[in-house]
Amino acid sequence: MIKGFIFDLDGVITDTAELHYEAWKNLSDEMGWDFDRELNEQLRGISRLDSIRVIMDHNNVELEGAKIEELANKKNEIYVASLENITPEDYLPGAKVLLTHLRTEGFKVALGSASKNAIKVLEQLNAMGYFDVIGDGTSVSKSKPAPDIFLYGSEKMGLQPDDCIVFEDAEKGIDAAKAGGFYSVGIGPEERVGHADLRFDSMNEATLFEIKSFFKDLF
Ligand code: G6P
Ligand code: MG
């Protein structure tokens, strides 16, 4: 029986991918590294340190651990400053309606994000009230595609993985949901999240009615 939902944040509730892109681009320009929107797509859903390693690999750069951390912190300062511009108008279309609907119907709701800035983003959106549990980049050590962040969410909600539906926009996020034994809804193109149980192009189409119709035996 579906009793809970676990939402990724970036690309599901709001679109911070562009802000991450601008911050990584800023750092990359300063370092003389190649970085573009295509490479930015590969950073969807993965942690900050994994992200900088992807950019370094792409540029055939090797640095020692302390330097990598220093540069990742620098990117984060730029990113955090840009979060000030997020307002309660910046939900992805459909996201707020779905969260409201889940609250009204009494489902448990958790956040399952790799971001250490997730609470800041939720506060900017005025979205904290929609969540019973916040799982963010500080909650577990193994990041997606490991299922740990979603298992953290289900456990804190007092539910089993197969009582929950995970919403994700990242390939590795759907991998993580499947690895944990969760039902999954992918938001985005077939080539990215086509391995989810159910897929929508955007959150606008992901209504509770559609979800209940598809997973009908589980409600
Ligand atoms: C999300 C985003 C990733 C980002 C990660 C870490 O999963 O999709 O692009 O790298 O969070 O975010 P943070 O805010 O901790 O740097
Ligand atoms: Mg995401």
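Predicted model: local features only at pLDDT ≥ 70, side-chain atom pairs only at ≥ 80, totals over all residues.
Residues are numbered from 1 along each chain as its sequence is written, while chains are lettered from A and ligands numbered from 1 in the order in which they are written.

View 1. The unreviewed UniProt entry gives Asp8, Asp10, Glu168 and Asp169 as "binding site". These positions span 162 residues in sequence, yet no two of their C-alpha atoms are more than 8.9 Å apart, so they gather at one spot. The same record lists Asp8 and Asp10 under "active site". UniProt positions follow the numbering used here, feature names are shortened, and annotations may be inferred rather than shown by experiment.

**View 2. Helix α1 and its two sides.** Helices (H or I, at least four residues) and strands (E, at least two) are DSSP runs, numbered from the N terminus. α1 has 15 residues and reaches 21 Å from its first C-alpha to its last, close to the 21 Å expected at 1.5 Å a residue (the expected span is 1.5 Å times one less than the number of residues). Its buried residues are Leu19, His20, Ala23, Trp24, Leu27 and Ser28. Down the axis of α1, these buried residues fall within an arc of 170°, so they line one face of the helix; the arc is that of the directions from the helix axis to the C-beta atoms. Cover for the buried residues of α1 includes α2 (37–41), α3 (48–58) and α4 (65–83). Just after α1, look for glycine 32, with a positive phi of about 75°.

**View 3. Asp8 and Asp10 in their loop.** Aspartate 8 lies in the loop between β1 (4–7) and α1 (17–31), and aspartate 10 is placed in the loop between β1 and α1 as well. Aspartate 8 is buried, with 28 other C-beta atoms within 10 Å; aspartate 10 counts as buried with 23. Not counting residues up to four places away in sequence, the contacts of aspartate 8 include Ser113, Glu168 and Asp169 (contact means C-beta atoms, placed from the backbone, within 7 Å).

View 4. Serine 113 sits in the loop between β2 (108–112) and α6 (118–125). It counts as buried, with 29 C-beta neighbours inside 10 Å. Residues that serine 113 touches, beyond four places in sequence, include Asp8, Asp10 and Asp136.

**View 5. Aspartate 169 and helix α8.** Aspartate 169 is found in the loop between β4 and α8 and is buried, with 27 other C-beta atoms within 10 Å. Helix α8 (residues 171–179) has Glu171, Gly173, Ile174, Ala176 and Ala177 as its buried residues. They pack against α7 (148–157), β4 (164–168), β5 (183–187) and α9 (190–193).

Terms used. Buried ≥ 20, exposed ≤ 12 C-beta atoms within 10 Å, placed from the backbone. Contact = placed C-beta atoms within 7 Å.
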